[in-house]
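Student: I would like to learn how to read structural features from a model. Could you take me through some of them, one at a time?

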Amino acid sequence: MSVIFELIAQLSRPPGGLVYHLITLFAIEASLGMALGRWRRVPHQRLSRLIVAFGGLLLARGVLVALALLSQMGFLTFSALAPPLEHFFDIAAVILLCWAFVLPTLQLDAKVSPIFLLANLSVATALCLVLTPLWWSAFSLDPTLNYSRHWQMILWECWQILLLGLACSVLMRRKSEEQSLLLGAFGCLLGGHLLQLFYPPALLHIAGWERLATLVAYPLLAVVVYRSVHAELDASREELRSELSSYVQDMMTISKESLRQRQEFSTLLETGRMVNASLDLAEVLQRAVDSIALGTNADYGVIALLEPSSDDQMRVLVGYDPLGRPDWEASDIRFSLSRHHLIEHAIRRRRQIIFQEMQESSQLLALHALLGSVEMGPLIVQPLVHKGESLGVIILSNSRTKRRFTQEDGRLCEALASQMTAAIANARLYQHVTELLRTRQEEASQRRAILESIADGVVVADARGRIIMANAAAERIFETSRAELIGRGISQVYKGLFQEEGASPGVTPPFRAGFLQSTFDLGEKTIRASLAPVYLPESDPSAALRRDSGQGPGRELLGTVAVFRDITREAEAERAKSRFIATVSHELRTPMTSVKGYLDLLIGGMAGEINATQKRFLSTIKINADRMINIINNMIYISDLDRAPLQLGVKPTNVAEQLNEAVAAMREQLEARDLALSLEVADDLPPARADPTRLRQILDNLLSNACKFTYPGGQIRIGARFCEGDGMEEDSAGFLLVFVADTGVGIAPEEQERIFEPFYCAESPLEVEAAGVGVGLTIVRSLVQAHGGRIWVESEPGQGSVFYFTLPLSEQRDQIKDSHLYPQKEESNYE
């Protein structure tokens, strides 16, 4: 016993303590190295546990070695800090060892093991954080305290004894050489902790019995790890030996089958070469049935395909008969699947059927009759399937030799059938494409004949605007040969058309956004042209491919189609009509001006006094005379537009004054129809850049329409206001918005664009009362656009209409400050 106590004393003093930590460190490092080396070759969960456990032990022992060195060098007072930390690392080591060696033997749920590890380590860490400051404080007050007999020591020991006792009880139930060594190691640790608890040596702060037990247990654990790794190596070696033996046996089997497979492979190559050497369906099928019959040593064989327009009818196209047989295609052998259930079953299930022995039956006799045999024998029915589609069937028979078909024959037949289905599909596709091309050529010839026979000139251009086709009418219209047109840019050939749309010659025309239509002069001819883009249909597969690959939108521009019509006669007739209208309008305006003048004199009493009834009659005549003069002026204006561009006398214009004058001029018509009118002008309304005469013409037409299409007792509003933004130009600081609103009959949505067309009159309940020629709004739009503005309407049937138009601001608005140009907002009612 004295030797043991002396050994404990040596392990407790600074040099001995360092030696103790180094020995245990080396044992842990050896165990970790063996486990890690084996895990690198064969990753295993148990090896992972050993690596984690001994890695933790190595880290703990490293910290304790560092504390021992610092204590020996005088940098640290061992008694103040080391005892709680050493016992914390001891309990952590016991927890890791139990988790790595004991818990796997219990075969618990996968969640229990990590819970055990984390829970115990968390409690140990928390306990260490609480007990270490307490011991520091207590030792500072009483340096004579001995941690070996302190209550903290008893707490640590009881916990470790509990864990080690449970581990030993578990290991005692497992009887094996490895478990015996483990039981010895854990038993040694348990004995050391019991002796330390009940018979502590007279050492200051040092658990001597625990160090002695650890010094014995850790090498034992290293031996356990070594044996475990060695056992796994033996098992791997045995498994490798077994796999090698199995591999040798497999190689011997493969060598026996290699010759047969080589023959089958040669047959497959030869068959593939033969069936792919032609695209003629009959030739492909004949080569295929010959190759399959020779490859399987069959006596008879035929190939029957489903009719294209039927799922039940089949036709025998080719066959193999070594004794010779008439032309199979000329024989025209057809049959129904409903009469041959065996073939129907194979085709519907798309699986090969092999019959080795069969009893005589009418169905099988009929099936052999298709092969040209009067006897029965072993049979193979192989369906032909290409990309999920049933094409037909191969039927092989050994009715003459009675030789049974082997599994190798079945596999070879299946492989040959799989190889030939693609060739059959390609041959049928080739036939289909040939017929389709013939049909397309016929259709193209018909379209070309139709194109050449029409009177309008038709020109087709590609996506770059280069002409690729032109008909005879186009040559006649442009007096240019077709050869000179082909290859030239369409915008270069027909410059007049694109110059009207603002395009530059020599560039791709601006028709990508949609339909383009225009009329232009070509020498003494007047040509009307219509161009339309041709897009790739969105349903086309290439369009979907472009969208999916991110190359651009699916609607790819393919080119354009242009239709040209010589309308010289129509244009001459139109010009003659315009001249006639202008002449008649001027001739009518002169007497109507005189009529109006004399009416003004009569109403003014210049020819004598008139009574109220006479004045009312004369006023009615004057209103209709004004209306007639307005119609005549509009007709003259329309005819002037056809002859020459509109010329404006633009200057700063007070829009408020124009509104007041227009309202005053309409007073008599408003009173005659019992209409209320309100004028709304915004404060400080800036001047507009406009022609006052033409602006007044716009207002007169809009007010006249509002008056004509509003029921008696209705209301009309007219006004103007300044708006911020770019109403006319991108760099504009703002614009004037003028509106004329009424509570009249309204305009249907489908007619709101057509009302601006010349001579168009929308249907209205007041159509008879508001009869006109339909040019007022056409004039208004042309005048607004000539000013650089735009006009639109918002209306609902039965709810009235609001016409809006914009005017640009005057460039002198900042210099004009006179108060009379900025009238206050006013609302006037004329009833």
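Student: What should I keep in mind about the model itself?

Tutor: This is a predicted model, in which local features need pLDDT of at least 70 and side-chain atom pairs count only at pLDDT 80 or more, while totals for chains, interfaces and linings use all residues. Residues are numbered from 1 along each chain as its sequence is written, and side-chain values use heavy atoms, with hydrogens and water left out.

Student: Which residues is Glu668 in contact with, leaving aside neighbours within four places in sequence?

Tutor: Contact means heavy atoms within 4.5 Å. With those neighbours left aside, Glu668 touches Lys622 and Ile623.

Student: How do I read a salt bridge, and how many salt bridges does the structure hold?

Tutor: Side chains of opposite charge can pair when their charged atoms come close. The cut-off used is a side-chain nitrogen of Lys or Arg within 4 Å of a carboxyl oxygen of Asp or Glu. By that rule the structure has 13 salt bridges. One of them joins Lys402 to Glu375, at 3.7 Å from N to O. Lys402 is in the loop between β6 (389–397) and α13 (407–453), and Glu375 in the loop between α12 (362–371) and β5 (379–386), so this pair links distant parts of the chain, 27 residues apart. Lys402 is partly exposed at 41% relative accessible area, and Glu375 is partly exposed at 41% too.

Student: Which side chain does Arg482 meet in a salt bridge?

Tutor: Arg482 meets Glu452, with 3.0 Å from N to O. Because Arg482 lies in helix α15 (residues 482–485) and Glu452 in helix α13, the pair ties together parts that are 30 residues apart in sequence. Arg482 is partly exposed at 28%, and Glu452 is partly exposed at 29%. The two also belong to a salt-bridge network with Glu475.

Student: Where are the partners in the salt bridge between Glu661 and Arg696?

Tutor: Their side chains meet at 3.7 Å, N to O. Glu661 is in helix α21 (residues 655–665) and Arg696 in helix α23 (residues 692–708), so parts 35 residues apart in sequence are tied together. Glu661 is partly exposed at 39% relative accessibility, as is Arg696 at 22%.

Student: What is the strand order in the open sheet of five strands?

Tutor: Two strands pair if DSSP finds at least two bridges between them. The order is β13-β15-β16-β18-β17, with mixed pairing. Its edge strands, β13 (676–681) and β17 (791–796), each pair on one side only. Within the sheet, β15 (residues 715–723) and β16 (residues 735–742) run antiparallel and are joined by eight bridges; Ala720, for example, has Val738 in β16 as its bridge partner.

Student: Which strands does α23 lie across?

Tutor: For angles, axes are lines fitted to C-alpha atoms, for helices over the stretch in contact, and values run from 0 to 180 degrees between N-to-C directions. α23 lies across β13, β15, β16 and β18 (800–808), and runs at about 175° to β18.

Student: What is the phi of Asn297?

Tutor: Most residues other than glycine have a negative phi, and most peptide bonds are trans. Asn297 has a positive phi of about 55°, though it is not a glycine. Asn297 is in the loop between α9 (281–295) and β1 (300–306), and is exposed at 52% relative accessible area. Arg350 also has a positive phi, near 55°; Arg350 is in the loop between α11 (341–349) and β4 (353–355) and is partly exposed at 44%.

Note on methods: Helices (H or I, at least four residues) and strands (E, at least two) are DSSP runs, numbered from the N terminus. Buried means under 20% relative accessible area, exposed over 50%, partly exposed in between (1.4 Å probe, protein chains only).
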